[in-house]
Amino acid sequence: MLTAAALFIALPLATEHAMPKLLEQHHYLNLDVGIAIAIAAVSLNLLLGYAGQISLGHAALLAAGAFASGIVTSRWHGSMVLGLLFAVVTTAALSLIVGLPALRLRGLYLAIVTLEFGLVMQYSVLRSTVFSGGSAGIALPRRVWGNRFFTDNAVYLVISLLLLLVVWFLDVNVVRTRIGRAFRTIRENESVAQAFGIPVTRYKLLAFVLSGAMAGLAGAMYGHAIGFVNNESPFNFNQSLQLIIIVVVAGLGHRLAAILAGLVYWVFPSFISGLHQWAYIIGALALMDVVSRHPEGLAGVWERRRRPKPADDDDDDGELPALPQLPAPVRAVQAESLPPGSPLLEVDGVSVRFGGLQAVDGVQLTVPTGTIVGLIGPNGAGKSTLFNAISGLVRTESGRIRFRGREIQGLRCDQRARLGIARSFQQVGLAKDLSIRDNFLLAQHQLAGYSDGEALLMLPRASRDEETFRTRADKAIAALGFDELANMPVRNLSGGQQRIVEIACLLVTAPDLVMLDEPSAGMAPAAAENLAARLRDLRDVLGRTVLLIEHNVPLVLDTCDYVYVLDAGRLIAEGEPHEIASNPQVIDAYFGAAVPA
Amino acid sequence: MQPIVLGVIAGSIYALIALGITLVYKASRVLNFAQAEVGTLTLYATWWVTQRQHQSWWVGAIASIAAAIAIGLVFERLVIRRMLTAPRVTVAVATIGLFSLMIAVELALFAGTIYILPPPISHGGVSIAGVYVNANQWLALGVVAVVAAALAAFLRYTDFGLAVLASADDPVAAQLMGAPRGRISAFTWATAGALSAIAVLLIEPTVGVLAPGAFNGLFLGGLTAALVGGLSSLPGAFVGGLVVGIAEAEVKAHLVIQSIPSFQVTAMLIIVLLVLLLRPQGLLGSRS
């Protein structure tokens with residue numbers, strides 16, 4: 001950060017004082033526009049690189065910013081500062097309106113909506129004389145105040161670099177706080193994000209609004225660099241595509257690479273004219289090559305060359321580190337703990353239907369505080385679907401779910417997570433591209449006492465909380481004995497290691513109920529054996545209540561206080577482990593017909 | 001009456017694009033942003049065959065369709081097949097790359113000159129409900145009906161077609177049952193290419209000129225139609241095409257706002273936003 005700041009301050013000073021003879025005004029102009037394009041690239045990188053959402057209409061946001069600032073500075077005679085602010089507010093608001101219908105849903109709807117929004121701006125709004133002033137366009141004077149203007153492109157370059165620094169600072173704060181962790185988890189797996197208590201729609205919208213605000217700033221800076229915009233300004237679909245090419249080829253998620261690529265893309269062909277046409281063909285080919293063969297982009301390839309990956313040693317010795325007793329953090333709403341044995345979770349006649357398939361059919365179960373309750377059944381019995389219904393990932397058709405006596409079936413998954421329901425996933429519910437440390441930070445999302453605005457500016461509360469999170473994460477990692485692996489992406493760990501990190505992450509928030517979906521899946525047999533002791537620790541040492549899905553029946557009989565058996569969506573048996581083991585109906589469900597004695 | 005008849009004609013061509021988008025989306029959960037642009041580039045093959053080699057329009061049409069199928073197959077083999085496990089966002093970006101490549105090649109080779117293609121049938125036409133429908137428009141309606149029926153019959157009544165549908169519903173199960181995943185993927189992208197070329201060939205007489213990006217409206221209509229249909233329903237794509245075509249024609253005929261040019265583009269955005277807000281699963285799609 002400091003080096004970046006030094007660089008950005010040194011560079012304009014150097015250009016100001018050392019090189020005034022070297023660069024002509026039009027070269028400064030090229031750099032000014034190049035920096036605007038670089039900020040646009042940062043803005044798209046935030047949306048596409050961090051949050052994994054595509055905008056095919058970024059040029060339209062640039063246009064909106066440019067015209068907004070033009071209206072303030074030339075029609076209302078406001079200063080450029082006001083123009084830039086108005087541009088940012090306008091495009092943020094536009095992004096909110098355009099993004100809301102699309103981002104409520106999963107999938108690539110934002111791409112469709114932004115594509116159409118971009119074409120509307122290109123064909124209807126910009127060609128309408130009402131908004132854009134037609135071919136006469138609208139001027140963007142660099143008004144300081146009143147009738148004072150500055151015209152020197154070199155001075156404007158200094159201002160541009162300072163604005164780039166501001167954007168850099170905001171982007172860094174996004175990455176290093178809960179905002180960036182939420183974005184990257186959403187990109188990877190929305191269900192996992194929700195299970196960690198992240199309101200997914202809100203954060204996707206935040207990503208698009210932040211990106212839109214930065215794009216508005218970039219557009220306004222572009223306009224003030226050129227001096228005017230009109231209906232011929234290149235705010236078209238092709239510009240949106242070029243921005244995507246810049247960001248993806250440079251390397252998604254790499255801020256500096258995006259900035260350099262934006263600068264190079266604009267400044268380089270302007271110095272060597274005539275290259276543009278072919279550059280576009282090369283860019284398109286590079287885009288396809290990068291996404292299919294090097295999804296990490298040029299920056300990623302370069303990074304890998306510099307830092308050779310440590311050799312994978314695949315020695316999963318099955319020795320699981322003990323689940324650590326984590327320092328219980330203070331939850332936002334401190335719920336008094338229930339007396340042992342009183343019902344923590346009550347599932348009352350819950351049904352789930354997928355089209356014609358009745359996946360869960362009127363299930364009734366209770367999980368008393370301070371116990372381990374098992375849920376077993378053959379494949380396709382509806383166990384995981386029931387888990388999804390309890391944690392809020394699928395909607396129930398009927399029935400009630402009570403947690404600490406409160407009905408929760410109407411709440412979203414992330415709201416239930418914040419009430420104290422933590423869950424694991426069969427395929428390991430972590431952000432696997434993030435490091436172990438980042439996953440521990442991610443797990444503390446709901447504990448953050450700072451708002452997203454405080455995070456963006458890194459105000460004291462945000463940096464204090466982040467400090468606490470890091471300490472807590474380091475303690476947990478040390479307790480697991482994973483210090484040396486702390487910065488390794490979770491993807492590179494063994495199955496058993498991933499699972500233990502997942503469970504430890506769930507515990508960071510001290511949830512009342514821990515729901516584990518086949519924790520032994522993907523573990524070496526020796527590790528699975530060790531798991532029984534760790535599960536009992538959860539109850540006896542850490543004082544948690546556990547609801548457990550397992551295929552490993554001996555493990556269930558060994559650890560659980562009470563067991564429910566599910567088959568074809570219905571409960572077919574329940575009881576203490578020894579009763580279940582001898583229940584003929586259960587044997588029948590598992591092995592077909594019961595073997596007559 | 002006129003807007004409805006014209007809307008049905010344009011809408012049925014949109015339906016071809018929507019069918020291509022939907023087929024690819026069902027098979028690989030990817031939005032193909034190049035669905036209309038592949039056919040736009042290969043239309044220059046038709047121009048070359050008819051104007052430079054002096055062959056008939058029909059020979060030129062076959063050249064365009066063959067070229068589009070080839071582009072689909074090459075793209076599938078070199079890009080899509082490498083990305084079986086990649087996040088779908090990344091694959092969508094790859095199709096944006098294909099789109100960009102088509103546009104870039106058009107700009108590099110054909111920008112600056114006006115290319116004009118004579119229509120397949122130069123005269124003749126029959127009025128329907130008091131609206132004059134020319135021969136080329138009849139041809140478009142007929143071709144769309146035949147292509148859609150042939151595609152539906154192929155998917156419904158041949159073993160390979162059923163394998164394509166099964167694979168779209170559950171790729172893993174279908175593969176376990178012996179559905180050839182590679183050939184199915186190749187088939188969907190080849191078909192998408194052919195549908196793209198046919199749609200552009202049919203809409204070209206109403207646009208009248210070849211130019212880079214001249215058929216953006218076709219893609220916009222087709223994409224909106226696919227979304228209206230629910231993105232994963234082939235009959236839905238067809239109905240969506242008609243709905244969008246008629247809506248657009250009505251807007252063009254009755255809602256001309258002097259200060260806002262190309263208001264029909266805005267109408268498409270409004271349709272998309274309404275569908276997303278009120279019925280995100282589309283007209284014929286099912287909520288998953």
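The chat below starts with ground rules, then takes chain B, the interface and a few residues of chain A.

Q: What are the ground rules?
A: This is a predicted model, so local features need pLDDT of at least 70, side-chain atom pairs count only at pLDDT 80 or more, and totals for chains, interfaces and linings use all residues. Residues are numbered from 1 along each chain as its sequence is written, while chains are lettered from A and ligands numbered from 1 in the order in which they are written.

Q: How many helices and strands in chain B?
A: Chain B has eleven helices and two strands. Helices (H or I, at least four residues) and strands (E, at least two) are DSSP runs, numbered from the N terminus.

Q: And what pattern does chain B follow along the sequence?
A: It reads α-α-α-α-β-β-α-α-α-α-α-α-α.

Q: What radius of gyration does chain B have?
A: Chain B has 19 Å, which agrees with the value near 19 Å for a compact globule of 288 residues. The radius is taken over C-alpha atoms, and the globule rule is 2.2 Å times the number of residues to the power 0.38. The C-alpha trace spans about 55 × 50 × 35 Å along its principal axes.

Q: How much of chain B is buried?
A: Buried residues make up 52% of the 288. Buried means 20 or more other C-beta atoms within 10 Å of the residue's own; 12 or fewer is exposed, in between is partly exposed, and C-beta atoms are placed from the backbone.

Q: What share of chain B contacts joins residues at least 24 apart?
A: That share is 73%, among contacts between residues at least 6 apart in sequence. A contact needs C-beta atoms, placed from the backbone, within 7 Å.

Q: Now helix 2 and helix 3 of chain B. At what angle do they cross?
A: The axes of helix 2 (residues 37-52) and helix 3 (residues 57-78) of chain B cross at roughly 145 degrees and come within 8 Å. Axes are lines fitted to C-alpha atoms, for helices over the stretch in contact, and angles run from 0 to 180 degrees between N-to-C directions.

Q: Which residues meet there?
A: In helix 2 of chain B they include B:G39, B:T42 and B:V49. Among those in helix 3 of chain B are B:W57, B:A63 and B:I71. The contact divides into eleven nonpolar, seven polar and no charged residues. Ala, Val, Leu, Ile, Met, Phe, Trp, Tyr, Cys and Pro count as nonpolar, Asp, Glu, Lys and Arg as charged, and the others, Gly among them, as polar.

Q: Over to the interface. How many residues from each chain?
A: The contact takes 38 residues from chain B and 39 residues from chain A. On the chain B side, the largest share, 15 residues, comes from helix 4 of chain B. By class, that side has 30 nonpolar, seven polar and one charged residues.

Q: Where is A:M221?
A: A:M221 is in helix 10 (residues 200-226) of chain A.

Q: Why does A:M221 count as buried?
A: Because A:M221 has 31 C-beta neighbours inside 10 Å. Beyond neighbours within four places in sequence, A:M221 contacts A:A36, A:I39, A:S160 and A:L163. A:D32 is 189 residues away in sequence and 8.0 Å away in space, C-alpha to C-alpha.

Q: What about phi at A:H77?
A: Phi of A:H77 is near 55 degrees, positive in a residue other than glycine. A:H77 sits in the loop between helix 3 (58-75) and helix 4 (80-103) of chain A. A:H77 counts as partly exposed, with 13 C-beta neighbours inside 10 Å.

Technical notes: Contact = placed C-beta atoms within 7 Å.
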